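Try each task yourself before you look at the solution.

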Amino acid sequence: TRSTRPQRMLKAVQKNATKGNPKSVISAIDYFCKHSEWAMNVGDEKGSILDSVVTEVNPSTVLELGTYCGYSTVRIARLLSPGTKLITLEFNPANAAVAKQIIAYAGLQDKVILVEGSSGDLIPQMKERFGITTFDFIFLDHWKDRYLPDIKLFEECGLLRKGSVLLADNVICPGTPEYLEYVRKSPRYESKYFPAHLEYTKVEDGLEKSVFLG
Ligand SMILES: Nc1ncnc2c1ncn2[C@@H]1O[C@H](/C=C/CNC(=O)c2cc([N+](=O)[O-])cc(O)c2O)[C@@H](O)[C@H]1O
Ligand SMILES: [Mg+2]
């Protein structure tokens with residue numbers, strides 16, 4: 001049977017990137033998406049904004065919703081201080097399998113805990129399964145209609161503290177209007193929009209950074 005796009009992306013990484021070199025893995029995926037097949041990675045332009053926010057926050061506890069092929073997982077994990085791990089949630093086993101291999105190719109497997117399952121089920125388990133009290137940094141990049149229910153779940157589960165940073169991809173395209181309205185209107189968040197473009201295109205998109213005020 002024909003291969004899948006994530007499988008072809010993995011092949012491109014294995015062919016064009018250098019094992020153990022996260023930067024080369026990121027470049028190989030961006031090249032694949034620009035010259036072979038578009039894929040829904042956060043991409044290089046928004047990825048640079050992601051990098052700057054992760055560097056600024058320098059988080060000790062990190063969660064990513066929607067691993068997909070692991071592109072943003074690699075971007076984030078390569079910037080974490082020694083001993084810090086990021087938890088990433090992915091409910092599609094085929095995508096998780098590809099992401100696992102891409103993360104390992106980058107040499108970042110010791111900095112990543114990839115959990116198969118849905119955010120709705122797993123978020124309430126974070127404390128007991130991973131000994132998390134609160135998250136310093138959360139990257140939302142999963143199904144867009146899950147952003148709002150999941151941020152409310154974070155509040156209900158007491159997983160946010162004063163200063164927790166949530167960074168959401170695609171708030172313009174495909175768009176997350178209900179989430180955007182919530183974080184911009186709620187007195188419990190200080191929100192800021194970072195304009196950019198939909199990965200590998202000229203279509204407007206951007207990231208919304210929301211700081212929990214406690
Ligand atoms: N609740 C959940 N728990 C765990 N994993 C979950 C999940 N919901 C989705 N996922 C996984 O996250 C990925 C989906 C991302 C949706 N992004 C998108 O739909 C998307 C679309 C465009 N686009 O159409 O231009 C551009 C983008 O940057 C995008 O992120 C898939 O791998 C899916 O299996
Ligand atoms: Mg996205």
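**Exercise 1. Which residues are the closest to ligand 1, and how many surround it?**

Before starting, note that this is a predicted model, where local features need pLDDT of at least 70, side-chain atom pairs count only at pLDDT 80 or more, and totals for chains, interfaces and linings use all residues. Residues are numbered from 1 along each chain, chains are lettered from A and ligands numbered from 1 in the order written, and side-chain values use heavy atoms, without hydrogens and water.

Step 1. Ligand 1 is surrounded by 22 residues, counting a residue if one of its heavy atoms lies within 4 Å. The closest are E90, N95, D141, N170 and E199.

Step 2. Now look for polar contacts, which here are pairs of N or O atoms within 3.5 Å. An oxygen atom of ligand 1 is 2.5 Å from a polar side-chain atom of E199. D169 also has a polar side-chain atom 3.2 Å from an oxygen atom of the ligand. On the backbone side, a polar atom of F91 lies 3.2 Å from a nitrogen atom of ligand 1.

Step 3. On its own, ligand 1 has 690 Å² of accessible area, and the protein covers 90% of that (Shrake-Rupley method, 1.4 Å probe).

**Exercise 2. Describe how helix α8 packs with helix α10.**

Step 1. Find the helices, which are DSSP runs (H or I, at least four residues) numbered from the N terminus. Helix α8 covers residues 147-156 and helix α10 covers residues 177-185.

Step 2. Two packed helices are described by the angle between their axes and the distance between the axes. For α8 and α10, the angle is about 40° and the axes are 8 Å apart.

Step 3. List the contact, meaning heavy atoms within 4.5 Å. From α8 come Y147, L148, I151, K152 and E155, and from α10 come E178, Y179, Y182 and V183.

Terms used:
Polar contact = N/O pair within 3.5 Å; in protein donor to acceptor, adjacent residues only side chain to side chain. Axes fitted to C-alpha atoms, helices over the stretch in contact; angles between N-to-C directions. Helix = DSSP H or I, 4+ residues; strand = E, 2+ residues; numbered from the N terminus.
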